[in-house]
Structures are given as C-alpha cells and as structure tokens.
Amino acid sequence: EAQRPLTSIGLLASWVKLRTMADGANIVDLILAKPFESVPYEEKLRIKQQGRSTPKIDLVQKIGKNNRSFQLSWYDKVSWLTGSAVTNKMYCWPCLLMKPSHGCVVWSKVGFGDLSNFDRAYKRHEKSNEHVSACARLSCMGRIRVEHAINEGARIQVAKHNEIVKQNRAFLNRLIDVTSLLGRQELSFRGHDESSESSNKGNYREFTETLAKYDSVLSTQFESSTVFSGMSHTIQNDLISALAATVSDQIRDEIQDAPFFGWQVDETTDISCRAQLSVIVRYVDSAGKIQERFIGFFDVSGGRDAQSVFEILNENMQGYNFKDKLVAQTYDGAAVMASDLNGLQAKVKAIAPSAMFVHCYAHRLNLVLSQGAKCLPECRIFFASLSGFATFFSKSTKRTSFLESAGCSRLPRNAPTRWNFTSRIVSTVANNYDGLLQTFENIIADTTMDDDTLDCAKGFVRKLEDFEFVFMLYTYEQIFSETDVVFDIVQQRAMDVLYCKNRIESLLAFVKEKRSEGAFQAIYAKTADLTSDPRDEPMRKRRLTQLQDPQVRYRNLYMAILDNILEQIPRRFSNLESMLFLELVNPGKFDDMRQVFPEEAFQSVLKSYGHHFDSGRLRSELQVLYSDQDLQGNRGKLCDYLVFLKDMELDSAMPQLYKLFSLVATIGATSAGVERSFSCLKRLKSYTRNTMGQGRLSNLALLAIERTLVKSLEKTPSWYDRVTDHFLEKERRAEFTFK
C-alpha cells in the first residue's frame, strides 16, 4: 500500500490512519512506516514545527568486560539526533525527513546502533554532504513552497491573485482618504438621488468620481470592476466604522501607556429627540501632554437612571482597563436625575475604587446655580424668559442700535449650560432696567419694524412690568453679584484648595446672611417701586395660585431659592478635604513647603490613591522638588510642567513625582470637552440627517472631534493597513489578502 500512488486526499487519509494506529509510537516510527515525501505538504510543516522526538532507547551492548548503554544526554550533545523506542535505534532527524538520494542509509532508514563507535560515527556523518544538504532543505521547507517550484501554474496563479489584491488595496486606500476627509470636515456622505442621471449624487460619490478623472487606479476600478465598486451604502458605513475603530484603537493604546485616566459624562437630546450620552476621557500621554479624547455617543433613550447609565459605561469602557486606571469621574448633573447622581458614582466606585467624583470648583458652582434655577416652576419660567432678551437682540443689528441709543449695555449671548454667562444677563438687565424699558417702547413706536419684532417687544415690556419677573431678577442679581466673584477666584486658584474652601465658606455665609427678613423686605420694596405692589391689586384680578397674601407668597419663594442654594453648596463641596493633595503641586507654595513639609496634603493623596504610589519614594521626591529650584522649571502651568519633566527625562529619574503630576492633571477636569461634543452632535445630526443610525453617528462624531488625531495617524506608514484590517473583519467578495 505504501508503494501505491495516492491522491492528496488519499495521502492525508492514509497518514491519519497510520498516526491513529501508532498510538503509542513517536513521530520517527510513523515516518519509518510511511515515508516523509508522501506526506501532504501541510502535514510536513506540522511535523517540522513539532520537531524531533527524544525518547529513551533500550539499547545496551557489552564492550569488553563492561556494558555500555544509550544516554539521554546524547540528545543535548547532538542537535540532530533522534531515536525510536520501537526499533531501539538512533537516526538523523534531517536525513530521516529529507531522505538523501544516495548514502546515509544507516542514519536515515536502517538506524544506528553501534554504541562503541557512536562518537566517531556521528562526527563523520554531520560532516557529510548528504547531511548538510538535508539540513539545508529542511530549513528552507515552508519558506519556499515546494509545489510552487514544481507547479509553475500554481505560482502564476498566486502571483495573479496578489496583483489583484494589490490593485484592490490601492483602490481601497483612495476610498479611505475620501471617507476620512468627509468625516473630518463633518460633511454628509449620501445624496437624495444617487442614480447615474442625478446632478448631485452626494459628496462621497461626487468626490470619488471627480478624483477618478485624474487617478488611473480609481478610473480603472470603476470601468472594469463588477464585484467591488465601493459606492454602496454598506461599504460607506463599513469604511466609517473601520476608520473610527482605528482611531479608537489608538486612544486605547495611549490610555494603556498612561498611568491614569478620568472620564467626563453628560447627556443631551439630539434633533430626533433621542437622549445621547457623551463620554470623554482625560489622561496624560507618553509625551507628557494632557489629552481629552472623545469615546462616543451612546443612546440612553431607554433609561437615564443610575443603573442604565452605569451599564452602558461598564459595557463600553471594558477595553480601557477602567477598573484599575480610572481615578476621576465627572458628571454634569444632567446625565442622570439629581437624586440618582450619588448612586451612579457609588456603582462606578464599587468596581473602580480609585474613581473619585471630582469637578473643578467653578463648575461645581455652576451646578449649584443650575439646581437652584430648576428648584421651582417660577425659577424655570424666569430663566426661560430671561434667555429671550439676549436672543432678541442677537438676531438683528437694528434692534441692537436701539439699545445703544438708549445708553444700555449690550446683553451677552445666552449660553444655558454656562451659569456665569446667565449671571451676566441677569446683571445687565437689572442694571439697565429703565433703559431696556425705554428701548422696547422705542421699538414699538418705530413704524418700520416688522410684526414679529413688535410682538416680541410688547411681550418684553409686559415682562419688565411684571412683579414676579422683576422680583426674581433682583433676587438672583444679589446672589450672582457674589457668586461671580467666587467663580472667577476659584477658577484661577483651583490648586489652592484651602483658599478655595475659605471662599466657598464665605459664599455660604453670604447666602445665609441674605436669608433674612430684612434682605427680603429690601428686594420686595425695590420691586414694588419699579412695578406695582401686588397687595394693591383687587382680589378679583389675582390669579387662583396667588389668592394668599402676596407678600407671604414671595417670602416663601425667596426663602426657597436661598434654601436650595444653602443645601446644594455643602453637598457639592463635601469632598473638598479629599482634594487637599492638589496643593502638593501648587508652584505658588513651593517656597513655603520647603520650610514645612505639607504633611496633611501628603496624607490626603495616600488616603485616596495610596496604592498607586510608593509613599517613601514620593515623599523624598517631593522634598527634592521643593528644595531644588532647577527642578521647578518656570513654575508655569501644570501642562507646561509635565512637558518640562518629560523633556528633562525627570519622569524616569523621579517617577513618583511625575505620576503625581499626571494624577493632578487627569482629575482637574471640567465638562467643557463634553459640551464641545454636543456642538458637533448638532452639526452632524441636523434636520436633513436625522435618520442617521446610532453607530454611524458615533463614528462620524469621533472622526470629526478627533480630526487632529486622525490627521496625525494618516501620516504613519501603517495607517492604511490598520484601517483595512478592520474593514476586512466582515466577509468581502473582493480579494484583499495576499497569499
């Protein structure tokens, strides 16, 4: 049977049968039973990779008066030696496999068993031409396909396949460039009518067809390809997904190299009324630069409670090793209901123990004021009406000219997510109350004004003459006059925790002081002088909700607003003590800390993040920093100091210090990056693109927001291969893989 010609299938079946029959035998016995040259090529490669057998051979010979036996140490002594426990003979592994055409019969077929002459025999054999040739051919096997050398047709077929793959990849590279350009520039891909007769086939088709006029690769593919034209909606989505996946891989790699990262999470509603959760990560990269990267948009329309948001974060952030590296979690307060915010923080901290809930103090103050604005229906109505003032004047320069003629200051453009801007509107309206009234009256008297402007002006006059609106205006004006000052101070001196704590406490004392009968009476009297005292109105003219004594009602409203702020401030700033370690890297205090080491701040970092640091080494490095001015750089911004440490290679000389600076840079985050992602969302998902799928939306947002990273990746040699690998994760009809 061994001499009978076999097909490749028959050879493989025969070999498997023999291998099964010789259950207890090693590979040498199988090859002796079935010559190696008759084994299928794939099985040959497996045998080569498996390597020689080194069994114990029961071979003992009497030489003179002594017995000599086979030694296992000979396998280590002779690298090509193998043996058979069945025949109890030794063989040459390369010669056994490659079978020299003449000579070496003993070592390749019969087997060597003369123990008395073993040393001379193996040395003579390894110098023979047959042995050297067998070693060389065995080494080349798998690198040079034997069947290609024998079968010229197979070689030509592979070469033709590789040429097609080369052309397909060159064509795909052009499509990748077009997709990247449209994604980075936030341009739409598809057209309403993409047929060949259409005058506007969409940006994707129009771009590629225009480029095809000057690019032979594109034009040839369009003219000759019947399988892969690259124009279908599916291909577009797959290209967008592949690009986004490549960018995500890069962000993930950067986070793996970073010592820590923090995330910022917020939620907004898009044009199709779907709740979108935006996730931003912040970290220090390998170059010492602070990065804020966009991860994606996630649909949370099904639930915005703490459990739902936690499940989304847990599912989508697994690849970022957040359980070990997450040191800061920041939420704008809108991602979940205020009552669930603490629950979300606790759920994240339960699996990521270092994930402290942080905010810059200025943003926490924004949250306090935003909650105060939402605490009562009257407050929500007031701020909604107030935003109309700024919007009214921002839409027309002619309307603004009336402001200037009345001697009024221009109203800042309203930004609902930034309460310091809202406070400026409150201040401007309050300080220009008489001028605004005169302005609106002048607009109403102008016969050239359009009906929409006249209707708005009349409505604003009614608002300015409404007691409740004016009462709310001056109530918040007295609060914002103090919070604006505190906001600016804590934003500039965020590293000085004790100073910020004192300023917050002084703000709390100020609000408590204003929560008095005298302060209320002053606001009430001022409002009554500008409008009219609601107590003077006849009972029949009062609204049903205002049947109680007006002064009692407005006293309750006034106290409720201040009570809400007094309740929010301690809650928002409750963990201020845990942030005391920020002072360790405050350049303004280095001189003081050189005299007295900041033990309290040092213990603060150990309490919150002690398992990330070598406490003894960190203490020593901090003491060296405080005492050596050459290590302090120019005492500039934190981001500049990180780069300074990296450039001076101090990150390796003082690793604990560099890690501490990285930690502070990571947790010192606001939600500004999240707000920028919302701006991109509004540009991407407009009225004409409101049917966009969730995956496509998130991927396009990633390409647009991280356009700088995309452009840097495009300059790397592996860019096209990385994108193509992701593109090929799905089954393709066209060939893209080389043989």
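Colleague: Among contacts with a separation of 6 or more, what share comes from residues 24 or more positions apart?

Modeller: In this predicted model, such residues account for 69% of the contacts in the protein with a separation of 6 or more, where contact means heavy atoms within 4.5 Å. Residues are numbered from 1 along each chain as its sequence is written, and side-chain values use heavy atoms, with hydrogens and water left out. Because the model is predicted, local features need pLDDT of at least 70 and side-chain atom pairs count only at pLDDT 80 or more, while totals for chains, interfaces and linings use all residues.

Colleague: OK, and how many helices and strands are there?

Modeller: The secondary structure comes to 36 helices and 9 strands; these are DSSP runs numbered from the N terminus, with helices being H or I of at least four residues and strands E of at least two.

Colleague: Which way does β6 run against β5?

Modeller: Strand β6, residues 275-284, runs antiparallel to β5 and is joined to β5 by 9 bridges, with T269 standing opposite A275 in β6; two strands pair if DSSP finds at least two bridges between them. The hairpin of β5 and β6 has 5 residues between the strands, and C273 in that hairpin takes a positive phi near 65°.

Colleague: And what about β8, parallel or antiparallel to β5?

Modeller: Strand β8, residues 326-331, runs parallel to β5, with 5 bridges joining the two, and the bridge partner of V265 in β8 is Y331.

Colleague: Where is E186, and is E186 buried or exposed?

Modeller: E186 lies in the loop between α10 (152-184) and α11 (203-212), and E186 counts as buried because its relative accessibility is 14%. N321 is in the loop between α14 (306-316) and α15 (322-325), and at 29% relative accessibility N321 counts as partly exposed.

Colleague: Last one, which residues of α35 are buried?

Modeller: In helix α35, residues 707-714, L709, V710 and L713 are buried. They are on the same side of α35 because they cover an arc of only 100° around the axis, the arc being that of the directions from the helix axis to the C-beta atoms.

Conventions:
Buried < 20%, exposed > 50% of the residue type's maximum accessible area, 1.4 Å probe, protein only.
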